[in-house]
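These are my notebook entries on one protein chain. I set down what I looked up, entry by entry.

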Amino acid sequence: MTTPVATTAAAPGTTGRIEAAVERVAAALTEEPQQHGPGRPAAPAAALGGAAGVALLLTELARRDPGRLPAAHGRLTVAAKALTNTASVGLHHGPAAVLVAVQAAARLGGHYPRLRHTLTAHVATEQLARLAAQPAGPGVDWSSYDAIAGASGTGRVLLTAVTDGDAEERATAEPALRATLAHLVALSRPVRVGGRQVPGWWVPGHRQLTAADRARFPRGDINLGTAHGIAGPLALLARSAELDVTVDGQLAAVRRIGGWLAARADHDASGPYWQPRLPLDEEIARACGGPTSSAAPVATAAAAWCYGSVSIAGALLRAARVTGEEAWHRLALDSAHAVLARPGTLDHLKGPTVCHGEAGFLQSLWRLGRQAEDPVLLDHCARLADRLAAAFDQEAVYGYRHLAPAHRDRGWQPGRPPSAEDNPGILEGAAGVAAALLSVLPGPGSSDHEQDEPVWDRVLLLS
């Protein structure tokens, strides 16, 4: 099933500014791909935060200008040579990250068959081993399922190998992909904790990643977000179903997760939204229909790709399409429009980049608008892209800087850069900003709408 093609794009008056920002980022990344600030190490090459991510951006540009392919090939060569004795850490570091970029480049002419076969076999073997080594429950850790370091992210690259690869790639990737889907189906089933049924992706207190989270969630939490929560697995399960790759119980799992997310939507004066994480006791109280604790401030959870309502809505909308649940479709769109109506949405984004910032919000909103063919969402994307293009930082190595964690609580406004870090990559760097800006520009204009679709946001589980 292809994504519906909507016609709204950046207005002619803004297109030039957006194109100029993209070109300046691409030039900086092409000329000095490993440049970094004083005292900071160069970005890892075999990662979407380094050369592999730069190659992914250059490949997106090559869909419009084939003359970009040699530069993309150069960055892929750097990334592939850095793979010696490197394991994948989810989708964003190691062989899986390089494979993502290679798969994108292969769409433009069937390149790299030997490298694709080698990397696909490696990633599939890694995935099967990690699934087999999952500790006994109840309860899991993020790497069991999430989009960044877990099974859903690497599952997405395996899905591409099955749907876009040649016969050898499909045969190699399919067992690992099916094992991944079966694992996520099992994860969707509730487990018993203290005599209560709770979602199977509950992360106990002792498996929380940081000391701060262990203190904040002593009995664990249930994560709703896309980066580290259940919206990521839902997106993969639903997208696989759209592409007719399914395992036993998959649609039931989509219904289970989608129904749970729909029931966990909160509402304010602007409309529905989702909290990023629910403490275990809060989830139990909600499931029992009892009183719940006061909600976190809405704006902090409203927009960013990693935990925001718009990316959650994208997963729910995709689930609605494969199940026919019209109420989920309405809820997804209502939540996106609520984000736009809610005061202060942009004020709580953490810089210009993808994971926590404006580029991730832009791409999530654009992809949702494309899926729903919603001109209001797409018009807002054009305005947001113009704002982001205007925030190009002349002092930054690559044109946009990643807002460091220690400074995220200070907010961010274009033209007033706080302490930040130069980063070339997709999640936290300039390549991701440029890739998101590309989305609102007119496409290559080929007769093949599928070829016109960007593929880089597969790494965000948005497509």
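**Entry 1: helices α13 and α14**

I began with helix α13 (residues 326–341) and helix α14 (residues 358–372), whose axes come within 11 Å and cross at roughly 140°. This makes α13 oblique to α14, where angles under 35 degrees count as roughly parallel, over 145 as roughly antiparallel, 65 to 115 as roughly perpendicular and the rest as oblique. I noted that axes are lines fitted to C-alpha atoms, for helices over the stretch in contact, and that angles run from 0 to 180 degrees between N-to-C directions. The crossing of α13 and α14 is left-handed; a crossing has this hand if the near helix is turned anticlockwise from the far one by less than a right angle, and is right-handed if clockwise.

I then listed the contact: A332, L333, A336, V339 and L340 come from α13, and F361, L365, L368 and A372 come from α14. Contact means heavy atoms within 4.5 Å. By class, the residues of this contact of α13 with α14 are 9 nonpolar, no polar and no charged. In this scheme Ala, Val, Leu, Ile, Met, Phe, Trp, Tyr, Cys and Pro count as nonpolar, Asp, Glu, Lys and Arg as charged, and the others, Gly among them, as polar.

**Entry 2: basis of the model and the whole chain**

I recorded that this is a predicted model, in which local features need pLDDT of at least 70 and side-chain atom pairs count only at pLDDT 80 or more, while totals for chains, interfaces and linings use all residues. Residues are numbered from 1 along each chain as its sequence is written, and side-chain values use heavy atoms, with hydrogens and water left out.

The protein chain has 17 helices and 8 strands. Helices (H or I, at least four residues) and strands (E, at least two) are DSSP runs, numbered from the N terminus. Of the 463 residues of the protein chain, 59% count as buried. Buried means under 20% relative accessible area, exposed over 50%, and partly exposed in between (1.4 Å probe, protein chains only). Among contacts in the protein chain with a separation of 6 or more, 70% join residues 24 or more positions apart.

**Entry 3: two further helix pairs**

I looked next at helix α5 (residues 113–132) and helix α6 (residues 151–164), which pack at an angle of about 140° with their axes 10 Å apart. α5 and α6 are therefore oblique to each other, and α5 passes α6 in a left-handed crossing. From α5, T120, V123, A124, Q127 and L131 meet A151, T154, G155, V157, L158 and A161 of α6. The residues of this contact of α5 with α6 divide into 7 nonpolar, 4 polar and no charged.

For helix α9 (residues 231–242) and helix α12 (residues 309–323), I found axes that come within 9 Å and cross at roughly 35°. The crossing of α9 and α12 is left-handed. In α9, A231, L234, A235, A238, R239, A241 and E242 meet I312, A315, L316, R318, A319, R321 and V322 in α12. The contact of α9 with α12 has 10 nonpolar, no polar and 4 charged residues.

**Entry 4: cysteines**

How many disulfides are there? The count comes to 0 disulfides, a disulfide being a pair of cysteine sulfur atoms within 2.5 Å. The sulfur of C306 is 4.4 Å from the closest cysteine sulfur, in C355, and this is too far for a bond. C306 counts as buried at 5% relative accessibility, whereas C288 is partly exposed, with a relative accessible area of 48%.

**Entry 5: single residues**

I located A430 in helix α16 (residues 430–439). Is A430 buried or exposed? A430 is buried, with a relative accessible area of 0%. Leaving aside neighbours within four places in sequence, A430 is in contact with V25, Y398, Y400, N423, P424 and G425. A430 and G49 are 381 residues apart along the chain, and their C-alpha atoms are separated by 9.6 Å.

R68 lies in the loop between α2 (51–64) and α3 (69–81) and is buried, at 17% relative accessible area. Residues up to four places away in sequence not counted, R68 touches E23, A26, L58, L61 and A62.

Finally, I checked Y112, in the loop between α4 (95–106) and α5. The phi of Y112 is near 60°, a positive value in a residue other than glycine. L461, in the segment after α17 (449–452), has a positive phi of about 60° although it is not a glycine.
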